[in-house]
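Try each task with the structure open, then read the worked solution below it.

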Amino acid sequence: MKRKSGILMATLLAGSLLVSACSSSGGGDTGTAAEGGADSGKQPEMKLRILSANVGGKTPDEMKQFEAEIKRLTGIDVTIEKPASDYDQKVLTVLGSGEKYDLIELSDLGKLDQFVGQGAVTDLSDFVKGSSTLSDPKVIPAAEWDQLKDKDGKIHAVFTKFQGGTMPIVRKDWLDKLHLQEPKTLDDYYQVLKAFKEQDPDGNGKNDTYGLSTSGLYDIQGFMSAAGLKYRYVMKDGKRTIPYASDEAIPMYEWFAKLVKEGIMDPNFVTNDTGKMRNLFLTDRVGMVTYWDAWVGMFNNLRKEQDPNTTFQAEAIASAAGPDGKILMRRGDPDFWIVPQNAPHVEAAEKFLEFWNSKDGITLGSLGIKDVDYTESGGQYTLTAEGKEHNMDHGVPFWYNENVKSPFDKLPGVEAAQELVKQHATLELALPGWPDVEKIVQNYALKAMSGEMPAADAVKKMREELKSANLIDE
C-alpha cells in the first residue's frame, strides 16, 4: 500500500459522510412542547443564557444562526457564550462570583460533586422524574442517571450527549494480511504487536513500523486490564487506593518496558500528543493505538477520502482479559448541563433540557442548522458543504434517544466500538486531589514504561509521594 505521508488532520472535519441519504429519523419522540416550534411563538417570550464548551455554531456568525434556530424551534430567546480558552476556569469564576447563567455545560463529575456540595447547583430530581421526555428510558436509559446522582440519589444535571469510551484500535487489514487473530490476552497482544514490528505489514520492504503507540499514559487501560487494574482512584474498604501505584502494576510497567527495549513500542510515546499518535496510525507507521470509539470511524473515513481503493481498516478491540476473564475498559466522563442555583430563568432552562433530548434538539446538535448545514425535502436529507465540514457535530455527535435515528449511517467501525463500551466500560473515579495524583502517577509510570527506571523503584517512589501528599490512604 502506498503510504499517505501528508495526511492533514484538518481533513477530519471535511472527511465526513455521504452527501445525501434517505431519512430514517422517523420514530416519534416522547412529544414535548419543546419539539413543536409551530405554536411556540404564541407563548410569552422566554430567555436563556448558556455557557458552553462544545455546543453551538463553529464560528461567531454561525453561533448567531444557531441561537436563531433554537428560538425558531422553541420560542426561547437564547444567548450561547463559548469561551475560546480556559473554559474550566471560566466556569469556576462564574460560579464563584455569582454571575448569572441559566445553563452551564460540564464534563467533570468531580466538579459536579464539588458544586453540589457548595450549594451552587439546582436540584433537578423532581423535574427529571416529572418530565415525560427525560424519564422515558428510551430517551435516556434509567441506569445512566446513576452517573449524575449524588450520594443521596438526587439528580443535579442532565446529559448533553452520549459519551463513549477508549480502547485499543488495531489495523484489522494488517491482522488479516499477517494471518493473525484478534488478541484476547496480554500474551496475544504481545505476539500481534511484535508481528507488526517485524513482519513488514505495510509491504514496503523496510523495517519502519511499530506495533504500538500511545500519547503518554493515554490510554493504557486496555493493557492494564490484564492485571485487573483500573485507572484513577478505587475505593477499598473505605480507603482511597490508586491501582496504578500498586505492586500489581509492576509487571505491567515491565511489559511496556519490554516493548520499548525490543523496538515494538513507538519510542516517542512519552512525548507524543494525540495528534502525532493518530498521524502515525493514519500513515502506516504503527499497527495499534489507544483512543476513542468515535475515532475508529474517523480513521476509516479519512483514509477512504484520501484513497477510495485503500485496504486500510481500523477496528476497535476489547481490552486484554484479566486472570478472572474480566475486561476493564474506560468510559469517558459524561457531558452534562447544570442549572446554577442563581439561574434567573429556570423554567426556560428546563424547557431547553427537554428540547435538547428531543428529535428537534438532537437534529440541531448533530446535523446542525437547517438550510445552513443541511437541507431536507420529502424525507431526504442532504449535507451542505458547510455541513460536511462541521462533521455532524454541534455538541451531539452521538445521543441516547432510541426514538431518534440518524438519516446517515455511522462511520465504519463506530457502532461495533460503541458496543464494546456498553458491554465492558465503566467510569473512572476522580476524587478531590486527582490532578495532583495524576502528575505523580504519570511521572513514574512513564519512567518505568520507557525503561528509564526499574518498575519496582518507580512504583515505590510513586506510592511514597502519594502517601506524603495525603492522596492515598493505604
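## Side-chain contacts and strands, step by step

At 6% relative accessibility, W434 counts as buried. Keep that residue in mind for the first exercise, and remember that this is a predicted model.

**Exercise 1. Classify the ring pair formed by Y231 and W434, and say which parts of the chain the pair ties together.**

Solution. 
- Step 1: The structure holds 23 aromatic pairs, and the two ring centres of Y231 and W434 lie 5.3 Å apart.
- Step 2: The pair is edge-to-face because the planes stand at 90°, and over 60 degrees is the cut-off for that class.
- Step 3: Y231 belongs to the loop between α8 (221–224) and β7 (234–236), while W434 is in helix α16 (residues 434–450), so the contact ties together parts that are 203 residues apart in sequence.
- Step 4: Y231, at 9% relative accessibility, counts as buried, and W434 is buried too, at 6%.

**Exercise 2. Find which other residues ring pairs link into a cluster, and which rings have the charged end of a lysine over them.**

Solution. 
- Step 1: Ring pairs join Y218, F281, Y291, W295, F299 and F312 into a cluster.
- Step 2: Over the ring of Y190 sits the charged end of K258, 4.3 Å from the ring centre.
- Step 3: K422 has its charged end over the ring of F162, 5.9 Å from the centre.

**Exercise 3. Work out where the partners of the R49 salt bridge lie, and whether they are buried or partly exposed.**

Solution. 
- Step 1: A search of the whole structure gives 22 salt bridges. In one of them, the side chains of R49 and E81 meet at 2.7 Å, N to O.
- Step 2: R49 lies in strand β2 (residues 46–51) and E81 in strand β3 (residues 76–81), so parts that are 32 residues apart in sequence are tied together.
- Step 3: R49 has a relative accessible area of 24% and is partly exposed. E81, at 23%, is also partly exposed.

**Exercise 4. Describe how the side chains of β4 point and which strands pair with β4.**

Solution. 
- Step 1: In strand β4 (residues 103–106), L103 and E105 point one way, I104 and L106 point the other way, and all are buried.
- Step 2: β2 and β4 run parallel, joined by two bridges. L51 stands opposite I104.
- Step 3: With strand β12 (residues 336–338), β4 pairs in the antiparallel sense over three bridges. Here W337 is the bridge partner of E105.

Key. Residues are numbered from 1 along each chain as its sequence is written. This is a predicted model: local features need pLDDT of at least 70, side-chain atom pairs count only at pLDDT 80 or more; totals for chains, interfaces and linings use all residues. Side-chain values use heavy atoms; hydrogens and water are left out. Rings of Phe, Tyr and Trp (its six-membered ring) pair if their centres lie within 6.5 Å; planes under 30 degrees apart count as stacked, over 60 as edge-to-face and the rest as tilted. Helices (H or I, at least four residues) and strands (E, at least two) are DSSP runs, numbered from the N terminus. Buried means under 20% relative accessible area, exposed over 50%, partly exposed in between (1.4 Å probe, protein chains only). A charge sits over a ring if NZ of Lys or CZ of Arg is within 6 Å of the ring centre and within 35 degrees of the ring normal. A salt bridge is a side-chain nitrogen of Lys or Arg within 4 Å of a carboxyl oxygen of Asp or Glu. Two strands pair if DSSP finds at least two bridges between them.
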